[in-house]
Amino acid sequence: MKRPRPWPLVPWLTPALLIAIAISPAAAPAQEGKDTKKEPPTAKADLSPAERYRDALKAIDKSMQEFMTAYRAAKTQEERQKLIESKYPDPNKSADLMLKIAEDAPKDPVAVEALVWVATNARGPAADKAAKVLAKDHVQDPRIASLCSRLAYDDSPQSEQLLREVIARNPGAEAKGMACLALGQRLKRASEAEADKGKADAKSKEAEALLDRVAGEFADVKGGRGTLGESAKNILNDLRNLGIGKTAPEIAGEDIDGKPLKLTDYRGKVVVLDFWGDW
């Protein structure tokens with residue numbers, strides 16, 4: 001089952017907003033002998049960008065907790081499926097709020113965090129917009145590194161352009177290395193799905209160059225469960241030795257009678273390999 005993503009409940013009635021309404025001149029009783037014409041109360045609390053971002057994250061977390069409580073209480077798989085379809089938090093519903101925070105305060109440090117959240121969690125136009133703004137205005141920020149690894153399996157042109165901009169312009173080894181690895185993975189997958197042999201070869205060649213760069217220049221950068229160098233070498237092995245049309249690597253073992261066998265003993269013959277396991 002594909003895991004859905006969270007959505008926000010816009011926190012209009014924050015404690016700060018309730019306080020603002022309570023002390024607003026328009027909410028106070030008119031005083032005799034004085035002008036009672038006052039400005040109407042503000043429509044929202046005067047929160048800082050960081051406070052707005054904090055409240056948005058709290059709302060998202062609350063909605064996810066409420067969903068999980070209902071999901072655990074469901075008695076049947078049918079009830080759970082209905083909850084997923086109707087109540088599972090949708091990140092695209094909070095994306096507009098996050099984008100507005102970044103748009104209202106583009107130079108505030110929290111703008112990058114809000115944009116990274118959108119590019120990481122949302123899909124479609126909102127994620128594309130966040131990627132474009134990050135590439136244009138924040139590509140040198142070190143916090144963008146956490147996003148790069150997540151874009152390895154995002155096929156949008158905007159996210160690919162963001163990765164290329166990070167490689168070209170970000171000064172940090174972590175961000176640049178993760179962007180090289182992610183783009184290499186994308187191009188490897190694209191080459192395997194490409195029907196045109198010339199285009200497939202070009203993508204495969206670029207992927208190999210990027211992964212070689214990771215293995216040589218960013219090998220010691222931490223990433224995933226190990227280092228970027230380890231990840232790059234594993235992907236390079238797949239690219240160079242396990243792709244369609246490549247010579248199969250040697251396999252040695254025993255046959256059903258316990259006699260030793262090697263795959264190369266059957267070279268030139270049709271061989272069916274059946275891999276199975278019992279856990």
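Rings of Phe, Tyr and Trp form an aromatic pair if their centres lie within 6.5 Å. The model used here is predicted.

**Exercise 1. Aromatic pairs**

Find how many aromatic pairs the whole structure holds, then classify the pair of Phe67 and Tyr88.

Solution. 
1. A search of the whole structure gives 2 aromatic pairs.
2. Take Phe67 and Tyr88: their ring centres are 4.5 Å apart.
3. The angle between their planes is 70°. Planes over 60 degrees apart count as edge-to-face, so the pair of Phe67 and Tyr88 is edge-to-face.
4. Now place the residues. Phe67 sits in helix α2 (residues 49-73). Tyr88 lies in the loop between α3 (77-87) and α4 (91-104). The pair links distant parts of the chain, 21 residues apart.
5. Are Phe67 and Tyr88 buried or exposed? Both are buried.

**Exercise 2. Two packed helices**

Describe how helix α5 (residues 109-121) packs with helix α6 (residues 125-137).

Solution. 
1. Two packed helices are described by the angle between their axes and the distance between the axes.
2. For α5 and α6, the angle is about 140° and the axes are 8 Å apart.
3. That angle makes α5 oblique to α6.
4. Next comes the hand: the crossing of α5 and α6 is left-handed.
5. Which residues make the contact? From α5 come Val112, Leu115, Val116, Val118 and Ala119. From α6 come Ala126, Ala127, Ala130, Val133 and Leu134.
6. Sort the residues of the α5 and α6 contact by type: 10 are nonpolar, with no polar and no charged residues.

Key:
Residues numbered from 1 in each chain as written. Predicted model: local features only at pLDDT ≥ 70, side-chain atom pairs only at ≥ 80, totals over all residues. Heavy atoms only, no water. Axes fitted to C-alpha atoms, helices over the stretch in contact; angles between N-to-C directions. Helix = DSSP H or I, 4+ residues; strand = E, 2+ residues; numbered from the N terminus. Parallel < 35°, antiparallel > 145°, perpendicular 65-115°, else oblique. Left-handed = near helix turned anticlockwise from the far one by under 90°. Contact = heavy atoms within 4.5 Å. Nonpolar A, V, L, I, M, F, W, Y, C, P; charged D, E, K, R; others polar. Phe/Tyr/Trp six-rings, centres within 6.5 Å; stacked < 30°, edge-to-face > 60°. Buried < 20%, exposed > 50% of the residue type's maximum accessible area, 1.4 Å probe, protein only.
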